[in-house]
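Subject: Structure handover

Hello,

Here is the structure you are taking over. Please open it first, then read the notes below.

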Amino acid sequence: PFLWSHLIRVYAACDHLMEANQVFLQNPSESVFTWSAIISAYSKVGQGQNAIDLFHEMQRAGEIEADKPILLAVLKGCSAISASYYARIIHFHVLIDGLESDLSLSNCLVDTYAKCKSLSDARKVFADQTRKDIITWSSLMIGYSDHGNGYDVLMLHCQMQIEGMDTNRVTLISILKACLSIGTLFHIKFIHAYILEKGFGSDKVICNTLIDVYAKCGGLKEAHDVFLELPDQD
RNA sequence: CAAGGUACUUCUG
């Protein structure tokens, strides 16, 4: 019963996708669990096309109805290969299933559109969100920063503060990455101070990001200073 | 009866 989906997952976790696929093909009891197991296995390792093809096949067979975890897994596959056209198809499924107010699905749509560089689509989903959490905000902020839209990151951060959402390490990372497109050393130092004020001064990933951004913006000395204060350099 | 799901540094890809 539930052994099949577990077995698929175990193989996938060991990077044995071929075996996982064999198990999937031979399993006598297909269900949303086995389908989500195999689709997310492919999505997770970046084989988005396989994830999409499997989803398509599932739809064609018509035995199993796509549910939330399956839609999330396919969306992750879309991000992996920048398939914005397929993200729109999944978006459509979400709408006809009346799931547009589901927080994790709409967050995932924002993230997927952003990763596919469809920033205006991401923005539209974001704007229609009635509820937002920190993942909603960080998904869009990371999307903007990854595509060089630094000012949009800063404006979102302001708006987030106004709406009373606390910043966290992910949104701070997006702000630092925003410096790569708009930043002067002065900006980075300002954000650095803000990071210390928020108590993230010893977060290793934040420090690494700081070093990188300083270095890329001509602040080698500042980068070195952060490096020296790292508890465990590697 | 139980099992699956979203944001996360650099470099390389």
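Is E222 buried or exposed? E222 counts as buried, because its relative accessibility is 17%. Buried means under 20% relative accessible area, exposed means over 50%, and partly exposed lies in between, with a 1.4 Å probe and protein chains only.

Some ground rules. This is a predicted model, where local features need pLDDT of at least 70, side-chain atom pairs count only at pLDDT 80 or more, and totals for chains, interfaces and linings use all residues. Residues are numbered from 1 along each chain as its sequence is written, chains are lettered from A and ligands numbered from 1 in the order in which they are written, and side-chain values use heavy atoms, with hydrogens and water left out.

Overall picture

Chain A has 14 helices and zero strands. Helices (H or I, at least four residues) and strands (E, at least two) are DSSP runs, numbered from the N terminus. The C-alpha trace of chain A spans about 60 × 40 × 25 Å along its principal axes. Chain A has 234 residues, and 45% of them count as buried. Its accessible surface comes to about 12,200 Å², and carbon and sulfur atoms hold 58% of that. Accessible areas come from the Shrake-Rupley method with a 1.4 Å probe; for residues, only the protein chains shown count as cover.

Now the contacts, meaning heavy atoms within 4.5 Å. Of the contacts in chain A with a separation of 6 or more, 59% are between residues 24 or more positions apart.

Salt bridges

Side chains of opposite charge can pair when their charged atoms come close. A salt bridge here is a side-chain nitrogen of Lys or Arg within 4 Å of a carboxyl oxygen of Asp or Glu. The count comes to eleven salt bridges.

Start with E222. Its salt-bridge partner is K189, and the closest N and O atoms are 3.1 Å apart. This pair links distant parts of the chain: K189 is in helix α12 (residues 185-197) and E222 in helix α14 (residues 220-229), 33 residues apart. K189 is partly exposed, because its relative accessible area is 40%.

Next, K177 and D146. They form a salt bridge with the closest N and O atoms 2.7 Å apart. K177 lies in helix α11 (residues 169-182) and D146 in helix α9 (residues 134-146), so the pair ties together parts that are 31 residues apart in sequence. K177 counts as partly exposed at 27% relative accessibility. D146 is partly exposed too, with a relative accessible area of 42%.

K216 and D212 also form a salt bridge, with the closest N and O atoms 3.1 Å apart. Both sit in helix α13 (residues 204-216); they are separated by about one helical turn because they are four residues apart. K216 counts as exposed at 58% relative accessibility. D212 is partly exposed, at 31%. Elsewhere, salt bridges that share partners join R88, D121 and K124 into one network.

A buried leucine and a loop isoleucine

L71 is in helix α5. Why does L71 count as buried? Because its relative accessible area is 0%. Not counting residues up to four places away in sequence, L71 touches F55, A66, I90, H93, V94, D97, L99 and L105.

I81 is in the loop between α5 (68-80) and α6 (84-96). I81 is partly exposed, with a relative accessible area of 33%. Leaving aside neighbours within four places in sequence, I81 is in contact with G46, G48, Q49 and I52.

Two positive phi angles

Most residues other than glycine have a negative phi, and most peptide bonds are trans. D15 is not a glycine, yet has a positive phi of about 65 degrees. D15 is in the loop between α1 (3-13) and α2 (17-26). D15 counts as exposed, at 59% relative accessibility. K117 is not a glycine either and has a positive phi of about 65 degrees. K117 is in the loop between α7 (103-115) and α8 (119-128), and is exposed, with a relative accessible area of 58%.

Over to you.
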